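The exercises below are meant to be worked with the model on screen. Please try each task before reading its solution.

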Amino acid sequence: MEMSQYLDIFVEEAREHIQALNDGLLRLEQNPTDKDVVSELFRSAHTLKGMAATMGFAKTAELTHRLESSLDLVRQGVLSPSSSYITAVLQAVDALEGLVESAATGQEDTSITIDHLIAALPTSADVAKVEEMVETAEQEVASTAASELEEHALVVLQAARRQGLQGYRLDVSLAPDALLKSARAYMVFQRLEQHGEIIQSEPSVSDLEAERFEDRFTVWLVSSAPSSLLQEEIENIADVRSVVVTPLDQRADSASSSDASADMTPRLRMGKSVRVDIARLDRLMNLVSELVITRTRLTQLSRDLDNHALAETTATLNRILLELQDEVMQVRMVAVEQIFNRFPRMVRDLSQQLGKDVDFEITGQETELDRTIVDEIGDPLVHLLRNAIDHGIEPAAERAKLGKPAKAKLRLSAYHRGDSVFIEVQDDGRGIDVAQIKQKAVERGLIGADEANSLDDEAALKLIFQPGFSTAKQVTDVSGRGVGLDVVASKIASLGGRTSVHSELGQGSVFTIVLPLTLAIMATLQVKVGPERYAIPLSVVDQTALLKRSELDVIEHRLAMSYRGQTIPVVDLREALAVPHTSAQAEDVYVVVVYRGRKLLGLMVDELLGQEEVVVKPLGRFVDRSPGISGATILGDGTIALILDVTSIV
């Protein structure tokens, strides 16, 4: 068989199993008695072994076979998963990752040695003992066929019996070397649903779809067909080793509700999904983006022509396009979990390397972002987490002197707020010494001594994002709080986001990254400054106000205004963007109040033109570093408007 056509599928699924092995091993280290985790690890190793053997990758198959046999010892309780054992298995998983990545080119890397890894893993368990345990379990299952039914399934069973139907439990075993086990499970469901209604499965339907099971699964069915017919139907499916059909005991009715209705027959079906290349989604998004530009142009034409029929057609097109745009956006959205899942292993290894005890917590991993953004935020988060462990968190002895718990807390969280996603890295370490930052900044010539004395804490903390800035006393391969933070800030800024830090000396630090949901289409407030038109991202806009110029104050030679009981600075965009003054300044001015980190800022403009969704276009490498500008967009009349970057304007 020509296997090259299946190579991409193998590599993608193998990466998922390797990630599952990493995650499961870390969970097992925290809870060595969790048999469910051991079973998940065993299934992942078993599946990866079969896939590698089928593709002809001998080293990968050999190593996963040994790993599977070793995990079988843990599964039987013969071997205790100590920390040293977990480390040995993790090293084997690292080698597997290298083998899989090399296999992506079509051939395994022969330079990767696995003999020492195989030697570090205990031998497999006695197969005969395992078979005996399985046989005993099968007998116990057959004797209690209806006892594991959930309450709603018992209700359905009672209703079905009133219609003269029989309940069955089917225990299906697949061949150990079966490929595409989820497809076999789907075929079993399909055959059974031709003869009745499936009321429950074990594992669940979602677990069967994701192949989170070994070689066996159980299905409960109500049907008018005899058991012999059901058994024959299932046995005829390829890779089905055996099927045991057990009629459900009539006494199961006693556990169900007496007022069950005859129509309560829920139907569980296997879902369907398709893997799509991200490049195709990018092209689809580009096409939708062009449609948005065309839609804007048509809307402008219908207004100019004052044509009722054209206006109605444009309105219909607009509604359909909004739905299409939303669907494409949803398809492109992925949970940050796929990035966050990399970090528990990294935190564990780095903590052990530095001799620190760290309790790492992840929350909000279900938060969704555009795929293109998720792919780019991995490196910045690695910098923040490594710096937090190395320079932020104190050694255990130092924490004890300070009265802190020996185990430090490190938290990675994500959450939505408005049209933005916030990602925070928080530690309870020593915090950042603002005085030391000012001193280092003066020594490096970044600021003068007088300016350093006048800086508040927030402004001083921003200095750590300067290139090469560090307060580390000793250079290491991990280094200090400042190394890499300029990379973090520039990368996040290139994604249309911003980075901030809040720290309390002796208490810890919080680094916050704010990102847009997507880079492709953005809701904006259109404004006019002199003869030029600009777009302000609506996600940073708090409110707009119409003021008299005389109502603005001047504090320390800077414009300011009163807003909700506080005084906030005001920036005249004519001056900030060097827009030429083509006419005398009007007495009435518009101020757009925007968020700048946790504070507010007023942007003074000449005119408000309304809200509009725009397609974000990059400026190109020649003008990509222009301060105050993050991108451009094509308007309905074909002209170009620049998108403002509030942070860099300030």
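A crossing of two helices is called left-handed if the near helix is turned anticlockwise from the far one by less than a right angle, and right-handed if clockwise. Helices (H or I, at least four residues) and strands (E, at least two) are DSSP runs, numbered from the N terminus. This is a predicted model, in which local features need pLDDT of at least 70 and side-chain atom pairs count only at pLDDT 80 or more, while totals for chains, interfaces and linings use all residues. Residues are numbered from 1 along each chain as its sequence is written, and side-chain values use heavy atoms, with hydrogens and water left out.

**Exercise 1. Describe how helix H1 and helix H4 cross, and which classes of residue make the contact.**

Step one is the geometry: the axes of H1 (residues 7-30) and H4 (residues 83-103) come within 10 Å and cross at roughly 165 degrees. Such axes are lines fitted to C-alpha atoms, for helices over the stretch in contact, and the angles run from 0 to 180 degrees between N-to-C directions.

Step two is the naming: angles under 35 degrees count as roughly parallel, over 145 as roughly antiparallel, 65 to 115 as roughly perpendicular and the rest as oblique. H1 and H4 are therefore roughly antiparallel to each other, and their crossing is left-handed.

Step three is the contact, which means heavy atoms within 4.5 Å: the residues involved include Phe 10, Ile 18 and Leu 25 of H1, and Ile 86, Val 93 and Leu 96 of H4. Sorted by class, the contact has 16 nonpolar, 2 polar and 4 charged residues, where Ala, Val, Leu, Ile, Met, Phe, Trp, Tyr, Cys and Pro count as nonpolar, Asp, Glu, Lys and Arg as charged, and the others, Gly among them, as polar.

**Exercise 2. Which residues of the largest nonpolar core touch the most other members?**

Begin with the terms: a nonpolar core is a set of buried Ala, Val, Leu, Ile, Met, Phe, Trp, Tyr and Cys residues joined through side-chain atoms within 4.5 Å, and buried means under 20% relative accessible area, exposed over 50%, partly exposed in between (1.4 Å probe, protein chains only).

Of the 47 residues in this core, Phe 340, Phe 343, Leu 381, Leu 410, Ile 423 and Leu 515 touch the most other members. Helix H16 (residues 378-392) gives the most to the core, with 5 residues. Apart from this core lies another, of 40 residues, among them Ile 18, Leu 28, Leu 96 and Leu 117.

**Exercise 3. Is Val 188 buried or exposed, and what does Val 188 touch?**

Val 188 has its place in helix H8 (residues 181-193), and with a relative accessible area of 0% Val 188 is buried. Leaving out residues up to four places away in sequence, Val 188 touches Val 172, Phe 217, Ile 234 and Ile 237.

**Exercise 4. Examine the backbone at Pro 203 and at Asp 306.**

For the proline, a cis peptide bond joins Glu 202 and Pro 203, with omega about 5 degrees, and Pro 203 lies in the loop between strand S2 (196-202) and helix H9 (205-209).

Asp 306 has a positive phi of about 55 degrees although it is not a glycine. Asp 306 lies in the loop between helix H11 (278-305) and helix H12 (308-332), and at 70% relative accessibility Asp 306 counts as exposed.
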